[in-house]
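Student: I would like a close look at one part of this model. Please take me through its aromatic rings.

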Amino acid sequence: MPTVIPSAGWRTRIRRLGALAALAGWGLLASPAGAQITLGVRGGATLSTMRLTPGGEWLEESSHKYGAHAAASFAYTFNDLLGMVAEVGYTQRGAELTILDYDALYDVIWGYDYVDVSVLGRASLGPVHLLAGPTMAFRVACFTKISVRSSCEQVEAVFRENDFLLTGGAGVAFDLGSATLIVEGLYNLGLLDINNEEEHTAARHRGPLLRIGVDFRLW
């Protein structure tokens, strides 16, 4: 599989994410004494697909693919309203397609496993909170399935190894005393065309994510 060299645009995105992390660190030092720090874990399921533009005559149908999601989070609450969450997670994305090739229909499954690094702003309205921010996704595994399961090393890989997405959504917290139960619904909107061919149909990840977790207050 050919090595993908990050473009200048990728380096710019990485620098911006670093700037956000630096801003979060500055907020930790400058925030009031009433701030809170929590560690949390999340687990749930994804329902992802790909937006293919243009689909062309070869694309008969595109449907969602189920996957798994897990993450660990570090949250810093500046006050009762605003906070910031840094997350490292594992997310499965992909799509199920029906394509027409030489007058024959093929059911194709594309699967991608990513390590996600997110920096999310959080606004709390009582037990309800809103989340939004950038996510860097680093692909660690992939497969395609037509008649049998194959790895990316066994077939020609046409998609980029990494992705860049916007993540947003909402959640609700339930106080359990020593811990807080969290239920969240998020949406991942892929901004990067991950199709690596020079002349191609653009492909971008997108789809909802539902998860449940627990936060533990450290301070």
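Student: How many aromatic pairs does the count come to?

Tutor: The count comes to 3 aromatic pairs. One of them joins Trp-110 and Tyr-112. Their ring centres are 6.2 Å apart. The angle between the planes is 10°. That pair is stacked, because planes under 30 degrees apart count as stacked. Both Trp-110 and Tyr-112 are buried.

Tyr-112 also pairs with Tyr-114.

Now look at burial. Buried means under 20% relative accessible area. Tyr-112 has a relative accessible area of 1%, so Tyr-112 is buried. Tyr-114 has 0% relative accessibility, so Tyr-114 counts as buried too.

Keep in mind that this is a predicted model. The mean pLDDT of the chain is 81, and 74% of the residues reach 70 or more. Among the elements, strand E9 (residues 180–190) has the highest mean pLDDT, 94. Strand E7 (residues 149–151) has the lowest, 52. Over residues 1–7, pLDDT stays under 50. For that stretch the model has 9 contacts beyond four places in sequence.

Key:
Residues are numbered from 1 along each chain as its sequence is written. This is a predicted model: local features need pLDDT of at least 70, side-chain atom pairs count only at pLDDT 80 or more; totals for chains, interfaces and linings use all residues. Side-chain values use heavy atoms; hydrogens and water are left out. pLDDT is the predictor's confidence in each residue, from 0 to 100. Helices (H or I, at least four residues) and strands (E, at least two) are DSSP runs, numbered from the N terminus. Contact means heavy atoms within 4.5 Å. Rings of Phe, Tyr and Trp (its six-membered ring) pair if their centres lie within 6.5 Å; planes under 30 degrees apart count as stacked, over 60 as edge-to-face and the rest as tilted. Buried means under 20% relative accessible area, exposed over 50%, partly exposed in between (1.4 Å probe, protein chains only).
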